[in-house]
Amino acid sequence: MTQATPLFSARGIAVTFHRKRWLGRHPQLVQALRGIDLDIMSGEVLALVGESGSGKSTLARVLIKAIAATAGSLAFQGTDITHLEGERLRAMRRHFQIVFQDPFSSLNPRLSIGTAIAEPLIVHNLAAGEALRHRVAECLRMVGLDPTLSTRRPHEFSGGQRQRICIARAIAGQPLLIVADEALSALDPSLRDRVLDLFQDLKTRFSLTYLFISHDLRLVRRIADRVAVMYLGQVIEIGATKEVYNHPRHPYTQALMSAIPVPDPLAERSRHYPTLPGEPPSPSNPPQGCSFHPRCSRAGHLCRTQLPLLNKTSDRHEVACHFPD
Amino acid sequence: MNTPALGHPPPLLDVRGLSISLRSRSGFIQVVSDVSFTVAAGEALGIVGESGSGKTLSMLSLLQLLPQGAVARAERASYDGRDLLAQSNKQMAGIRGREIAFVFQDSLTALNPVLSIGQQITEGMRLHFSMAKADAELRAVELLLQVGIPDPSLRLRQYPHEFSGGMRQRVCIAMALAGKPRLLIADEPTTALDVTVQAEIVNLIRQLQIDSGLTVIWVTHDLALLARIADRVVVMYGGRVMEDARACDLFATPRHPYAAALLRSARYDMTSSKQTDPIATQSMEAPAPMGCPFAPRCDEADDRCRATAPSLVSVPGNAHVACWARAGELPGTRLV
């Protein structure tokens, strides 16, 4: 691997929320992220997978500085942006855009879609007048929509089309990184495939970098170059997609991968689905040692006392487990 | 759909020519057209389709649970010899929960947030079987254990928000089982759940089907999931049945172009292939009102497909397919 500077570099990121209990006096501390080190290389598609509540979305929002980390440092193209704020942060934000899961609530129903797409361009002073109109039309064309529709409002479009509009808005300012937070989860299989194609097409045309958040493991396998598996606010395994899918090392990743349904009745009927005992622990009270140990069949004394750190098992694969498979 | 051959018991559920219309300002819009399928006792039927394909409405209509303004008609909608669409409200109350139970996608809205889990599970039992409170609670403990909820006597006193999504869905299944139904309709019960939890719910329902001979209809948009669950698969699109076949046959050789495309898409999911999906390449223009709903996205569509929707015809292998292009080339086909 070359020693290129990562586009994003996060070190020791922790996020703690105070959750007030109803009528309660003592606020609960929820540890959403617990010491995350993560590099995103320029031009790659990095996927974050894990169960709901594992901290995927929180991590993405910390990276694009939508929420502040409680601890840790963050660098963008080698420049420390941990404490960046005000005008300089606003200018920086142009480089990272986000596409959300729900295309219905992420568009203002009272703005025409042309105005919605123009907004980031106006905010960042990237275009005005005729050039602005041109750019909006160009963005609509890039996502496969007719530019003459730019005066219409969101309700006139279907879910798949709205998601395209959100993508057009995200790429309008020529960002470097796009965070897709479950951006395809609300779409039907065939629409989903079309939007997936669009993501891939845009990536090659504009050498974009994607941070792709999804709980759909099948989708991730199709789009991601690297996968990071999260559990209870930590990255427990990360590596090249093929490596992680074909040779998962962490017992939790193994359980995830083996739970993916296979479209083959004969194979499915004879297959044993291993199930995880218990439920994910509460992030306000994570277990001592490895956070997965209460549900792990391989857990030993070490796991109950000492937190395993990410360890390189090969060039393109790291796992945080005392007893990796 | 055929008259049962000698020696075969009649199907538990036999639906033929089911159509559903929604009232709108400009008259009625037909959203489900000519849907036919049968489910034998003890069988697991999978119904797969995208949102808007009419799969949920079809199921709701069988229990007379359609939203206001929706009207269902059918040549036949018979459950165990009774015409479901002709039952009175009172008769239906004896069928819902007692004969046919429903598990919905969203367990949070399916449960009442201000009643304890115990109250909600026992309600059905006390209603259907006039059980005493104590007996019903004992039975509820059994049910919770059966669906894999640890510490059931404690859990009975808790409220829905104290359960995780997977556990709530188990509660819904326990509630559905409380009336000892013969048919369980599960409408996307795992869509909102994580993949490991999904696997557990699938295992649970499969086990119930095997152990207690429960008949199951599993409605989903995920074809791959049905490989595990379904004995038969009905593929719906645009309010119509495109194909209906034994699961092993459908996954081996899908006949309808849409079923084939769905399967290809599911298979791509198993690889790192960045290939373009075949259903994806076609235009998204609206289908002609009288034509085959899949025609605008079908490679094989011709003028006939755009003009008239094909009916379901039975084809060899105890299957049915609604496709002009396919029905013609298959020997031994005949109109249902």
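Two residues are in contact if their C-beta atoms, placed from the backbone, lie within 7 Å. By that criterion, the contact between the chains takes 31 residues from chain A and 34 residues from chain B.

This is a predicted model, in which local features need pLDDT of at least 70, side-chain atom pairs count only at pLDDT 80 or more, and totals for chains, interfaces and linings use all residues. Residues are numbered from 1 along each chain as its sequence is written, and chains are lettered from A, with ligands numbered from 1, in the order in which they are written.

Please select next the side of chain A that touches chain B. Helix α6(A), residues 189-206, gives the most to it, with six residues; helices here are DSSP runs (H or I, at least four residues) numbered from the N terminus. By class, this side has 13 nonpolar (Ala, Val, Leu, Ile, Met, Phe, Trp, Tyr, Cys, Pro), six polar (the others, Gly among them) and twelve charged (Asp, Glu, Lys, Arg) residues.

Proceed to A:V229. Among the residues that A:V229 touches, not counting those up to four places away in sequence, are A:V49, A:G50, A:Y252 and A:L256.

Finally, colour chain B by pLDDT, the predictor's confidence in each residue, from 0 to 100. The mean for chain B is 87, and 89% of its residues reach 70 or more. Over residues 1-5 of chain B the value is below 50, and this stretch has eight contacts in the model beyond near neighbours in sequence. Residues 332-336 of chain B are also below 50, with 16 such contacts. The model as a whole scores ipTM 0.81 and pTM 0.86.

Methods:
Helices (H or I, at least four residues) and strands (E, at least two) are DSSP runs, numbered from the N terminus.
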